[in-house]
Amino acid sequence: MKKILGNIALILGTILISFTFILTIIYNTLISTDWYERVYISRIPSALYCIYLIVLLILITNYPILKKINTKIVLSFSLILFILAGLYLVFNADPYLRNADQMWVWNAVKNINNGNYVDFEKGQYLNAHPLLIRISDV
């Protein structure tokens with residue numbers, strides 16, 4: 001029974017990951033940074049499919065070479081690269097908070113630290129935002 005459930009979970013997981021992968025290589029999503037935060041969905045240009053195919057062919061033809069590479073070295077290199085990219089983003093990101101969720105929450109936190117709890121009143125951001133727990137509901 002456990003083996004059957006494990007196989008079903010494996011098949012469902014594979015289907016979900018495959019579906020997500022296919023959507024990722026077909027569609028591109030852009031969220032505007034203006035007041036309205038519009039979402040634009042477009043298809044990936046056809047030239048990228050050629051690049052996908054070339055990369056796949058390179059990986060397939062170099063499989064015997066790739067099989068000999070030590071995975072610990074690849075993991076260490078990837079982790080170092082990831083940490084460097086994260087540090088670059090942390091120190092070079094624009095600290096400006098536009099008029100969005102982050103700014104509203106930041107202003108609410110500053111108000112709460114000053115003893116002003118106006119953001120929890122009816123109609124204010126922390127009271128009306130559906131993803132936050134309302135103090136009046138607790």
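pLDDT is the predictor's confidence in each residue, from 0 to 100. This is a predicted model, in which local features need pLDDT of at least 70, side-chain atom pairs count only at pLDDT 80 or more, and totals for chains, interfaces and linings use all residues. Residues are numbered from 1 along each chain as its sequence is written, and side-chain values use heavy atoms, with hydrogens and water left out.

**View 1. Confidence along the protein.**
The mean pLDDT of the protein is 83. A value of 70 or more is reached by 86% of its residues. Residues 133-138 fall below 50. Beyond near neighbours in sequence, this stretch has 5 contacts in the model (contact: heavy atoms within 4.5 Å). Where pLDDT is low, the predicted coordinates should not be read in detail.

**View 2. Overall architecture.**
The protein has 6 helices and 2 strands. These are DSSP runs numbered from the N terminus: helices are H or I of at least four residues, strands E of at least two. Along the sequence the pattern reads α-β-β-α-α-α-α-α. Of the 138 residues, 8% are buried (buried: under 20% relative accessible area; exposed: over 50%; partly exposed: in between; 1.4 Å probe, protein chains only). Among contacts between residues at least 6 apart in sequence, 15% join residues at least 24 apart.

**View 3. A nonpolar surface patch.**
Met1, Ile4, Leu5, Ile8, Ile11, Leu12 and Ile15 form this patch. Together they have about 750 Å² of accessible area (Shrake-Rupley method, 1.4 Å probe; for residues, only the protein chains shown count as cover). Patch members have over 30% relative accessible area and no salt bridge; nonpolar side chains (Val, Leu, Ile, Met, Phe, Trp, Tyr) are joined within 5 Å, like charges within 9 Å. A salt bridge is a side-chain nitrogen of Lys or Arg within 4 Å of a carboxyl oxygen of Asp or Glu. Ile4 sits in helix 1 (residues 2-26). The protein as a whole exposes about 12400 Å², with 71% supplied by carbon and sulfur atoms.

A search of the whole structure finds 1 aromatic pair. The ring centres of Tyr49 and Tyr52 are 6.0 Å apart and their planes lie at 75°, so the pair is edge-to-face. Rings of Phe, Tyr and Trp (its six-membered ring) pair if their centres lie within 6.5 Å; planes under 30 degrees apart count as stacked, over 60 as edge-to-face, the rest as tilted. Tyr49 and Tyr52 are 3 residues apart in helix 2 (residues 46-61), so about one helical turn separates them. Tyr49 is partly exposed at 30% relative accessibility. Tyr52 is partly exposed at 31%.
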